[in-house]
Amino acid sequence: MARRKQAPPLDTRARIADTALSLFNADGTNAVSTRHVAAALGISPGNLYYHFGNKEEIVLDLYVRIEERLLGILAPQDPRPRTFDDVLGYLDAIFAHLWEFRFFYRDLNSLLRDVPGLRDRYRSLAERAQSSARGIFATMVEAGWMDASDEYLDLLATNAWIVLTQWFTHRQVVQRRRTIQSADIHEGIRHLVALFSPLLRAPELKRVEALLATRTGRATYVS
């Protein structure tokens, strides 16, 4: 029998980043130190420091993933949605991304303050993401799925970015809790959809309502 090919093991640097991501998501960046990461991975702090000088460098390494994956969703090689199903796919993909990297969006304000170099990179990401989102909304108008003026498209793109990036913080503050739950994802989708659903034509509005109905009460995202 042919011997099964095994995937090459992750290098230590990638394993450190993956472990940190899991711990950051579970406990928050403020509660996790490099020593916690090293202990969870079963390596010495010195081994970790060989790859990352401090926790902020780990955050920046993870931010590269965040940036690449978010722009991959919002600005793929063919960014124009061909069908309304493509639009619905954006919703799931974006919030799956938020869940995967929930530590970043939950702790965004403190990270922008504390991690050197992150603020400028995030500002650039925000500009590119909002431009891509506006293009998606504009395509929806061109396709006859939605009615909106050019001015409103600008507002819509900005407001959508605010909902996406500040949703977790809002939930924590209002509900007075530290953790983010999978149910928060569904609620986030509902609030994002509420920004543009009044602009949709009747057939597309029914499709969105059907999508939201399938998500009710379901823990679609897991740790």
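Helices (H or I, at least four residues) and strands (E, at least two) are DSSP runs, numbered from the N terminus. The structure is a predicted model, in which local features need pLDDT of at least 70 and side-chain atom pairs count only at pLDDT 80 or more, while totals for chains, interfaces and linings use all residues. Residues are numbered from 1 along each chain as its sequence is written, and side-chain values use heavy atoms, with hydrogens and water left out.

**Exercise 1. State how many helices and strands the protein has, and what share of its residues is buried.**

Solution. The secondary structure comes to eleven helices and zero strands, and from the N terminus on the elements run α-α-α-α-α-α-α-α-α-α-α. For burial, the cut-offs are under 20% relative accessible area for buried, over 50% for exposed, and partly exposed in between, with a 1.4 Å probe and protein chains only. Buried residues then make up 45% of the 223 residues. As for contacts (heavy atoms within 4.5 Å), residues 24 or more positions apart account for 71% of those with a separation of 6 or more.

**Exercise 2. Compare the span of helix 1 with the expected value, and list its buried residues and the helices that they pack against.**

Solution. The expected span of a helix is 1.5 Å times one less than its number of residues. Helix 1 (residues 12-27) has 16 residues and reaches 22 Å from its first C-alpha to its last, close to the 22 Å expected. Its buried residues are I16, A17, T19, A20, L21, L23, F24 and N25, and these pack against helix 2 (34-41), helix 3 (45-51), helix 4, helix 5 (84-100) and helix 6 (102-106).

One of these residues, N25, has a relative accessible area of 9% and is therefore buried. Not counting residues up to four places away in sequence, N25 touches W99, E100, F101, R102, F103 and R106. The C-alpha atoms of N25 and I180, which are 155 residues apart along the chain, are separated by 8.6 Å.

**Exercise 3. Classify the packing of helix 4 against helix 1 and against helix 5 from the angles between their axes.**

Solution. Two packed helices are described by the angle between their axes and the distance between the axes. Axes are lines fitted to C-alpha atoms, for helices over the stretch in contact, and angles run from 0 to 180 degrees between N-to-C directions. Angles under 35 degrees count as roughly parallel, over 145 as roughly antiparallel, 65 to 115 as roughly perpendicular and the rest as oblique.

The axes of helix 1 and helix 4 come within 10 Å and cross at roughly 95 degrees, so the two helices are roughly perpendicular to each other. Their contact is made by R13, A14, I16, A17, D18, A20, L21 and F24 of helix 1 and K55, I58, V59, D61, L62 and R65 of helix 4.

The axes of helix 4 and helix 5 also come within 10 Å, but cross at roughly 170 degrees, which makes helix 4 roughly antiparallel to helix 5. Here I66, R69, L70, I73 and L74 in helix 4 meet Y90, A93, I94, H97 and E100 in helix 5.

**Exercise 4. Decide whether R65 is buried or exposed, and name its contacts outside the neighbouring sequence.**

Solution. R65 is found in helix 4 (residues 55-74). Because its relative accessible area is 18%, R65 is buried. Leaving aside neighbours within four places in sequence, R65 is in contact with A14, A17, D18, L21 and F101.

**Exercise 5. Describe the course of helix 9 and its packing against helix 8.**

Solution. At 1.5 Å a residue, the 26 residues of helix 9 (residues 150-175) should span 38 Å, and the end C-alpha atoms are 36 Å apart, which agrees. Just after helix 9, R176 takes a positive phi of about 55 degrees.

Helix 8 (residues 118-142) and helix 9 pack at an angle of about 130 degrees, with their axes 9 Å apart, and that angle makes helix 8 oblique to helix 9. The residues in contact include Y122, L125 and A126 of helix 8 and D150, L153 and D154 of helix 9.

Methods:
Bend = angle between axes of the 7 residues up to and from the residue.
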